[in-house]
Amino acid sequence: MTMNQTPIQGYAPTPVTARMENHGSSMLKVALQTGHDVFARSGSMVAYEGYVQYDPNPPAVRQMASQWITGEGLPLMRCHGDGLLYLADYGADVVCLQLNGDSLSVNGTNILAFDSHLQWGVERVKGMAKFAGQGLFNVGISGTGWVALTSRGAPIVVDCGRGEDETYVDPDALVAWSSNLRMKGKRSFKASSLIGRGSGEAYQLGFSGEGFVVVQPSEDSTDRLRARG
Amino acid sequence: MAREFQRGHKAKISDLTAGTDLYVGVQIAGPGLTFDISCFGLDAQERLSDDRYFVFFNQPQSPEGAIQQLGAQAGDTESFRVTLDRIPAQVRKLSFTATVDGAGQMSQIGPGHLRIVAGGEEVARYSFTGTEFSTERAVMLGDFYLKDVWRFAAVGQGFDGGLEALLRNFGGEVLEEEPETPAFQAPPEPATAAPAFAPPAQSGPPPAFAARRPRAPAGRPGTGTRLPGAAGPRARLPGPGTGPPGLPAPPGSTPPPAAPPQMHVAPTLAAPIAPPGYFTDQAPPAGGQVPPPPGPPGVPGRPASYGAQQPGPYGHPDRQQPYGQPPQAPPQAPQPYGQPFPGQPAPSYGQPVAAHGAAGVRAGLEKYREVPTGQRWTPQNPKLIRVDLGVDQQPVLARQGSMVLYQGKVDFGYKGAGFAGRIIGNATGQEMQLMRCTGRGQVFLAENSAHVHPIELQGDALCVSAESVLAFDESLQHEVRRIEGHGIPGGALFTMQFQGHGTVVVKTHGTPVVLPVTPTTFADSNAVVAWSAGAQVIVSSQVRLRRSSYPGHSGEAVNLQFRGAPGNFVVVQPYEV
């Protein structure tokens, strides 16, 4: 009856050491407790253990999210109860961050989960309006608690404010940035060179100030979880 | 395939490998921390009865040489060579430990590992991160112990008191008289001092390892192409399993395998663990029914609740607090989650965690931090590369759309549709367009999470499939070549030939294989990435490797045959475009 489980034993859950932590590079494990709910991307749950309930249409999100979506499903669900929740986004790398009074802006498609008690809101970024129609939105998150991000490939963190030069990022590769950075859009190519091109590097976001920018090694910003419907 | 160990796992060495000549590598690092990694040879009472079996930087090998310290290797902060069958009978256990030297604690360390390599193959790996520890200053990482046969155990046990506690554990008062002890604790720079104590030595293979570091000057007479990690006579791409067959084994019997692509070369720091009182730091959640329990397990008034709850994981009908019920007795609050897992050691929540005060986004992101070096081309991780245009002041040509970030004053221009700027390929009319990056600053390049490999040419020539070119120095001469053949999509395969001095960045989907060119070397035209220009390409219509046919597919692939003098190589990716 018993199967030889030796080859897969190494993948058993490790003891919980934090509210949110990685299980492997691309799975998130959340230790959920009553009274400490989590907002997670709808459709990101891959497994759970214990007594966990999902509220796919939480009022708080509905209010916030009205700015960035126009239709049916909300991008976030509220998870509550006691248990272990495993989340993933189609194999994207997961990065767990503990905010300690920090504030962070995150590209909406790169959010996996965050503590519901954090202050958060949808941000309109000047210069990003161009992308609004493509479902790109930003969420500003601040307070003290945990946030989990996804990144296609291991991300890289770059400090801004190194010298006077600004840091320019391809919007498709942008994952998150410190909220206090100043931001502006920039076209770095001459108009003449745009002819015959698709959406390449025509448009960048420039960041300046003290802080950091997180980028992923991929320009694939497709929202797979949304695409699933 | 290395077997992954978790804390507490044990296995017979004989189940891992038939060999007894083992390489043990330890990687442990943290920002600003230095570590002393030592091996204690203990007797049956787990005492260090013979201090000659305390192998550390001041005593790099045991008397008969069964345990040797090899020093830092690629991918490992410290390494040992252990010859199990030469270990004297009174030594029953080898304990590998790491101690923080100077200030610091174990929670600050980044991802690390202890791995066992035998016969050139990694057979076991125990990975750990700082989140498993708290204020400890020393940690027992793993043990080899003799119980009928030699076995390995992943321990991961920290010691609050640091070195003292560790020494006491291994023999108490005896050790306190040891001359090594003060030396061990003494100056804050043993890491720099260590090389003097531990000569790169012995019969171990350090030189071969050292050459694996990206861009280490692996002097290769003959041809001039260098790939990072090139250690052998032929250029190789980094990554396990890419060595060409017939690569002579480095001297010494236990070379580690090609280190897995090093994700983060910089010292890393993992996110600190959830501090106790984490939940008390903030306002109660809306709805405010329950004052939050202070920290997951350490509920005041119920300090012993752990043990008591241990047998009652959720799912048991007789548990005391069903999850679904609102918690009674608010101060004692809901059952702290995450603890009562059967068969798992309870994490040490109750201990003070000093790191939490400094926790924050920065700490969590530390391990993804940009790699600082003054080099022109610097891989940031396997999928992202940075070019510093300020070095050499040379423009770079990069595939359009591959820039993810740049800093500084960089101008992007389109390479004119002249000589090689535009390649019209493929039946679909897809184009490869390049952009010219000039100015002063750093440009980060990546594309679609593909692995990137900088290949430095030193007067050599290299052909790269046009689809696999990510970027290259403008100083390289480059020209477009067409390989025609029936069955190739679009009628021809476009390649770019590079020659001169500079770097080409090649991207591959997945870990590539580098094959030496032999009289019978074939590659699928869709999977081939690059080859040394000395190899002659023949479109092979005679040889057809049948792929599994399915409706709509003819079942035949176009193969390229390569011919050339020994020393030429072909790079193939596990992905067919």
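Helices (H or I, at least four residues) and strands (E, at least two) are taken here as DSSP runs and are numbered from the N terminus. On this basis chain B holds 8 helices and 28 strands, and chain A holds 3 helices and 15 strands. The structure is a predicted model, in which local features need pLDDT of at least 70 and side-chain atom pairs count only at pLDDT 80 or more, while totals for chains, interfaces and linings use all residues. Residues are numbered from 1 along each chain as its sequence is written, and chains are lettered from A, and ligands numbered from 1, in the order in which they are written.

Among the contacts in chain A with a separation of 6 or more, 80% are between residues 24 or more positions apart, and in chain B the corresponding share is 72%.

The buried nonpolar residues were then grouped into cores, a nonpolar core being a set of buried Ala, Val, Leu, Ile, Met, Phe, Trp, Tyr and Cys residues joined through C-beta atoms within 7 Å. The largest such core has 117 residues, of which Ala113(A), Ala148(A), Val215(A), Leu445(B), Val504(B) and Val570(B) touch the most other members. Strand E6 (residues 93-107) of chain A supplies the largest share of this core, with 7 residues. When residues up to four places away in sequence are not counted, Val215(A) touches Pro155(A), Ile156(A), Val158(A), Val169(A), Ala173(A), Leu174(A) and Val175(A) of chain A, together with Val404(B), Leu405(B) and Phe444(B) of chain B. Apart from this core lies another, of 55 residues, which includes Tyr23(B), Val100(B), Val117(B) and Ala118(B).

Two sheets of chain B were examined, with strands taken to pair if DSSP finds at least two bridges between them. In one, 6 strands form an open sheet with mixed pairing in the order E1-E10-E9-E3-E7-E6. Strand E1 (3-5) and strand E6 (67-69) stand at its edges, and each has a single partner strand, so one side of each is left without a neighbour in the sheet. From one strand to the next the twist averages 20 degrees, with axes being lines fitted to C-alpha atoms, for helices over the stretch in contact, and angles running from 0 to 180 degrees between N-to-C directions. E6(B) runs antiparallel to strand E7 (residues 78-83) of chain B, to which 3 bridges join it, and Gln69(B) stands opposite Phe80(B) in E7(B).

Within this sheet, strand E9 (residues 112-118) of chain B has 7 of its 7 residues buried, so it is largely enclosed by the rest of the structure. In a regular strand the side chains alternate between the two faces of the sheet. In E9(B), Gly112(B), Leu114(B), Ile116(B) and Ala118(B) point one way, whereas His113(B), Arg115(B) and Val117(B) point the other way, and all are buried. Strand E3 (residues 21-27) of chain B runs antiparallel to E9(B) and is joined to it by 6 bridges, with Leu22(B) having Ala118(B) as its bridge partner. Strand E10 (residues 121-128) of chain B is likewise antiparallel to E9(B), through 7 bridges, and Leu114(B) stands opposite Tyr126(B) in E10(B). The hairpin of E9(B) and E10(B) has 2 residues between the strands, and in this hairpin Gly119(B) takes a positive phi near 55 degrees.

The other open sheet of chain B also has 6 strands, in the order E2-E12-E11-E8-E4-E5, and its pairing is antiparallel. Its edges are strand E2 (10-12) and strand E5 (54-55), each with a single partner strand, so one side of each is left without a neighbour in the sheet. Strand E8 (residues 93-101) and strand E11 (residues 138-147) of chain B pair in the antiparallel sense over 7 bridges, and Ser95(B) stands opposite Asp143(B) in E11(B).

Glu46(B), in the loop between strand E4 (34-42) and E5 of chain B, has a positive phi of about 60 degrees, and is partly exposed, with 16 other C-beta atoms within 10 Å. Tyr90(A), in the loop between strand E5 (76-87) and E6 of chain A, has a positive phi of about 50 degrees, and with 14 C-beta neighbours inside 10 Å counts as partly exposed.

Conventions
A residue is buried if 20 or more other C-beta atoms lie within 10 Å of its own, exposed if 12 or fewer, and partly exposed in between; C-beta atoms are placed from the backbone. Two residues are in contact if their C-beta atoms, placed from the backbone, lie within 7 Å.
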